[in-house]
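Dear colleague,

Please find below the structure that I am handing over to you. A summary of the findings follows it.

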Amino acid sequence: MFSACKILEKSIGALPPIFLQVDEYQDLNPADQRFVSLVASNKQSQVVVVGDDAQSIYKFRHANYRGLRDLWDSPEWEHVCFPDCHRLPPHIQRPALALIASEQYLGSAMNPRPDNGRRLSVYQCTKPKYQAKVVARRILEFKKQRTREDGAPIAFSDIIVLCPSRKFVPGLRHALDKATIPSKDVLRAEIPDHIWKIILLVRMAFHRDNIAFRQWLDMADLDSALVAEIRRKAMQSDKGLIEFCESAHYEEPSRIIAAADRIREASRSMPQLLSTLLQFPHLHLNEAQILEALSYLLLEEDQSLAPASKWLGILYRKFGILEDESDTATEDAVLVTTFHSAKGLEGELVCLTWMNERYMPFPDRDIEEERRLLYVGMTRAKQDLIITFHELFDETRGYLRTEALTPFLREIAGHLSITRISARDLS
């Protein structure tokens, strides 16, 4: 993005009109936002930006939520506000707005719906393990008693359970399984380094992927100044990185490209492919690691290699980069995931779990972003929202009951209906 901005800064007057729509602007980093501003500076272009700074939860990706306010305050931009909410029921919308009322977000400029007298259901569990049992019971009750807006029955896939950390997901899914409630998550398996290297090689060999090649140059045992020079000259030449290196005859990059071509030639024979990979420049993998990666590419019937055209898709699906629509599109299961993973999702019923002060805000995270994270979680619910936390004993403060609840929700206690849950309530 830095390079794209540099190009635009030099040639903005020569650009043709650009029509650009940007969603979730608050999730962009400063470089991304600079790019949008440069495109918009061309008076012939038309740029539309949509965002809600109250839903900015990606600081770890350098998201700049203040950038939206900068545009709003600029006289160069036309402003359109949509203050009416037709999705959230009052007993969810009003506490959600109260949660962020003091922060002066643009996204908080929403007209509150008339109070319907309902309060958010919060379950104060005497033991941590009771939270999952409460959630399971409420899911079954909700599914039995409610329908969707169109009158269709509630499905398990209409329900979302959110956790402040990934470590809670397996336990909640196990509890739902014991209650005969199917569940799923959206957590991705980490891609091991040796598998990722094979993915890059497949992209280079069969797709002449310049991004994969650039990443390989960064990983290779090459002088960083040389790599920077190659990338700079390739941009100046208006050629792709692979094409430029082939024409400029850089010795080591050319050797890598030639080795990628040999992978393509060896793609029909497992022994030949293994031998070729073992000799690939800068791969630094042993035979066992390469064989593990190749095992995913074998056909089950006769253990022959799958067609090379399918290799990338096979590896991407195996490690969650691509979803298999046949598996996920029709799966009727409760989604159990983290708050961060719930962005953009909706559920008829949403359950916020482990809402204790030690987990929300989570230690060492930006406290105001944690407030926004809770706001995002609350506003995923279309019909109802339940919240659980557990009591605990603190050696300095004694037995904590409602005090164990996240301070964010204690601030809006008037919107909550807290019910204490003990073992006898679950018998």
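What covers the buried residues of α7 includes α8 (210-219), α11 (251-265), α12 (270-278), α13 (287-295) and α14 (311-318). Here a residue is buried at under 20% relative accessible area, exposed at over 50% and partly exposed in between, with a 1.4 Å probe and protein chains only. Helices (H or I, at least four residues) and strands (E, at least two) are DSSP runs numbered from the N terminus.

This is a predicted model, in which local features need pLDDT of at least 70, side-chain atom pairs count only at pLDDT 80 or more, and totals for chains, interfaces and linings use all residues. Residues are numbered from 1 along each chain as its sequence is written, and side-chain values use heavy atoms, leaving out hydrogens and water.

The protein chain has 17 helices and eleven strands, and 46% of its 427 residues count as buried. Its C-alpha trace spans about 75 × 60 × 50 Å along the principal axes.

Helix α7 comprises residues 193-207 and reaches 20 Å from its first C-alpha to its last, close to the expected 21 Å; the expected span is 1.5 Å times one less than the number of residues. Eleven of the 15 residues of α7 are buried, among them H194, K197 and R203. The helix is followed by R208, whose phi is positive, near 45°.

The axes of α7 and α11 come within 8 Å and cross at roughly 85°. Axes are lines fitted to C-alpha atoms, for helices over the stretch in contact, with angles from 0 to 180 degrees between N-to-C directions. α7 is therefore roughly perpendicular to α11, a term that covers 65 to 115 degrees. In contact (heavy atoms within 4.5 Å), L201, M204, A205 and F206 of α7 meet I256, A260, I263 and R264 of α11. By class, this contact has seven nonpolar, no polar and one charged residues; Ala, Val, Leu, Ile, Met, Phe, Trp, Tyr, Cys and Pro count as nonpolar, Asp, Glu, Lys and Arg as charged, and the others, Gly among them, as polar.

The largest nonpolar core has 46 residues, and L201, M204, F213, L277 and F280 have the most contacts inside it. Such a core is a set of buried Ala, Val, Leu, Ile, Met, Phe, Trp, Tyr and Cys residues joined through side-chain atoms within 4.5 Å. Its largest share, eight residues, comes from α7.

Notes
Parallel < 35°, antiparallel > 145°, perpendicular 65-115°, else oblique.
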